[in-house]
Amino acid sequence: MAIDIKHVNTGTNNRISTPAGGKNAATTAPQSNAANNSSAAKTDSVSITSQAQQLQSVQSKLNDIPEVDSKKVEEIKAAIAEGRYKIDAEKLASNIEQFENELNELS
């Protein structure tokens with residue numbers, strides 16, 4: 001099952017900087033003073049942290065991986081149909097117990 005992480009903590013990984021004085025360019029009224037017009041215009045900028053970039057990279061790689069390994073599914077289906085598929089009851093019980101323990105540790 002794929003996990004969609006596009007919208008997880010979207011605001012926490014972005015750094016937004018505003019012009020000097022902490023004013024947003026969208027809310028700052030234009031000034032008609034000639035001295036201010038000659039200075040360079042300041043704009044807002046956004047930089048994405050390296051952690052966010054890594055998450056984007058991992059997500060794009062995960063999107064390329066199919067959710068189900070069709071080849072493995074077909075192999076198991078064939079083994080069941082031919083009677084070759086054997087279930088190790090002790091291994092199954094051990095895996096269920098381990099899974100239950102991990103779930104208990106989460107709460």
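In this predicted protein model, residues 24 or more positions apart account for 69% of the contacts with a separation of 6 or more, a contact being heavy atoms within 4.5 Å. The model is predicted, with local features requiring pLDDT of at least 70 and side-chain atom pairs pLDDT 80 or more, while totals for chains, interfaces and linings use all residues. Residues are numbered from 1 along each chain as its sequence is written, and side-chain values use heavy atoms, leaving out hydrogens and water.

**Architecture and surface**

The protein has 4 helices and 2 strands, arranged along the sequence as β-α-β-α-α-α. Helices (H or I, at least four residues) and strands (E, at least two) are DSSP runs numbered from the N terminus. Of the 107 residues, 6% are buried, where buried means under 20% relative accessible area, exposed over 50%, and partly exposed in between (1.4 Å probe, protein chains only). The protein exposes about 9800 Å², of which carbon and sulfur atoms supply 53%; such areas come from the Shrake-Rupley method with a 1.4 Å probe, and for residues only the protein chains shown count as cover.

**Confidence**

The predictor's confidence in each residue is given as pLDDT, from 0 to 100.

| Part of the model | pLDDT |
|---|---|
| Protein | mean of 77 |
| Strand 1 (residues 14–17), lowest | mean of 50 |
| Helix 4, highest | mean of 95 |
| Residues 24–28 | under 50 |

Residues 24–28 have 5 contacts beyond four places in sequence in the model. Where pLDDT is low, the predicted coordinates should not be read in detail.

Helix 3 has 13 residues and reaches 18 Å from its first C-alpha to its last, close to the expected 18 Å, a span calculated as 1.5 Å times one less than the number of residues. Just after helix 3, Gly83 takes a positive phi of about 80°. The structure holds 1 salt bridge, defined as a side-chain nitrogen of Lys or Arg within 4 Å of a carboxyl oxygen of Asp or Glu. Glu82 forms a salt bridge with Arg84, with the closest N and O atoms 2.5 Å apart, and both Glu82 and Arg84 are exposed.

Ile87 lies in the loop between helix 3 (70–82) and helix 4 (89–106) and is exposed, at 62% relative accessible area. Ile87 belongs to a nonpolar surface patch with Ile80, Tyr85, Leu92 and Ile96, together about 520 Å² of accessible area. Patches take residues with over 30% relative accessible area and no salt bridge, joining like charges within 9 Å and nonpolar side chains (Val, Leu, Ile, Met, Phe, Trp, Tyr) within 5 Å.
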